[in-house]
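Please keep the sequence and the structure in view while reading.

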Amino acid sequence: MLKTALQPKWIAMLALALILATVFVVASAWQFGQSRAEETPSREVTEEPAPLTEVYAPQRAMTALDADRIVTLSGEFVEDSQVLISERLQDGEPGWWAVAAFAVDGAPDGEVIPVVRGWTDDVDAVDAPPAGQQLELRGRLLPPEAPVAGEREAAHVFASLSPAELINVWDLPSYSGFVVAFDVVDESGHEIGAEAETVPLEPVWVGPQPEGSSVNWLNLFYAVEWVVFAGFAFFLWWRLVKDAHEKSQEAAVLDTEWEQQWKQEYLAAVAAGQSPREAEETATAEAARKLDEKDT
């Protein structure tokens, strides 16, 4: 078999298998790198309040390390910026989120961030946020929702909380995420958010998200699959070489059998009194017939 494998044709095929295996191994390494899911921060990190301007930048896409954290921020609500987000459940009851733009102190370019002030089941009872008043806010930072296509039930009512959609209404630069407010206090320390008894909104609580697996099993499966493909490239080469070697051995055996059968028939024809030329023709015909009968 080694003699067959060293033929130029099979050496070239081995080089091709090596190139393919290299490509497959590189693909496997890439998939393996992708199989490590983006790490999520621990509960100790997400539940420890941190200033928004220190943990998240407006122009950066929100990652798992940014989202789900409790943040603090100071600033003021923008006047006439309140909108409602429909189809929000509170204790199983459908209602609306009251959301307003909050101008963040210390934002790089004066960006605002959408803030969920609270929940209500009566849109007519929602009051306006206290615009122009310096406030301190604590809440959970969450990633943006995707815009929902279709006609809105009212100009100030949206089906999803998408900052990309709200900036067209507010005409203000915005953070890409939003904050669900837990506490809103004024400069004197008085609660004026949904927790206050005088505000006709119910507080919205969003707990920490469950910690997920740090392994992307689908990508890991693909990584193993590419390794299998790399091994299969060499296996296919070996199988083709083996088949070629076995075929060459079978051909050699057939040649030997043909030669032996032909000699036997030739000698029998000569012994029967045929001329050498006639004996060759007879030997060829009889050898072919008997070998065909043997194969069948």
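Asp127 is partly exposed, because its relative accessible area is 26%, and this residue belongs to one of the salt bridges described below. The model is a predicted one, and eight salt bridges are counted in it. Side chains of opposite charge can pair when their charged atoms come close.

**Asp127 and Arg117**
- Asp127 forms a salt bridge with Arg117, and the closest N and O atoms of the two are 3.3 Å apart.
- This pair links distant parts of the chain, since Asp127 is in the loop between β5 (112-120) and β6 while Arg117 is in strand β5, 10 residues apart.
- Arg117, with a relative accessible area of 9%, is buried, because buried means under 20%.

**Asp183 and Arg138**
- In the salt bridge between Asp183 and Arg138, the closest N and O atoms are 2.4 Å apart.
- Asp183 lies in strand β8 (residues 178-186) and Arg138 in strand β6, so the pair ties together parts that are 45 residues apart in sequence.
- Asp183 is partly exposed at 23% relative accessibility, and Arg138 is partly exposed as well, with a relative accessible area of 29%.

**Arg88 and Glu145**
- Arg88 forms a salt bridge with Glu145, where the closest N and O atoms are 2.9 Å apart.
- Because Arg88 lies in strand β3 (residues 83-90) and Glu145 in the loop between β6 (135-142) and β7 (157-158), the pair ties together parts that are 57 residues apart in sequence.
- Arg88 is buried, with a relative accessible area of 11%, whereas Glu145 counts as partly exposed at 25% relative accessibility.

Note on methods. Residues are numbered from 1 along each chain as its sequence is written. This is a predicted model: local features need pLDDT of at least 70, side-chain atom pairs count only at pLDDT 80 or more; totals for chains, interfaces and linings use all residues. Side-chain values use heavy atoms; hydrogens and water are left out. A salt bridge is a side-chain nitrogen of Lys or Arg within 4 Å of a carboxyl oxygen of Asp or Glu. Helices (H or I, at least four residues) and strands (E, at least two) are DSSP runs, numbered from the N terminus. Buried means under 20% relative accessible area, exposed over 50%, partly exposed in between (1.4 Å probe, protein chains only).
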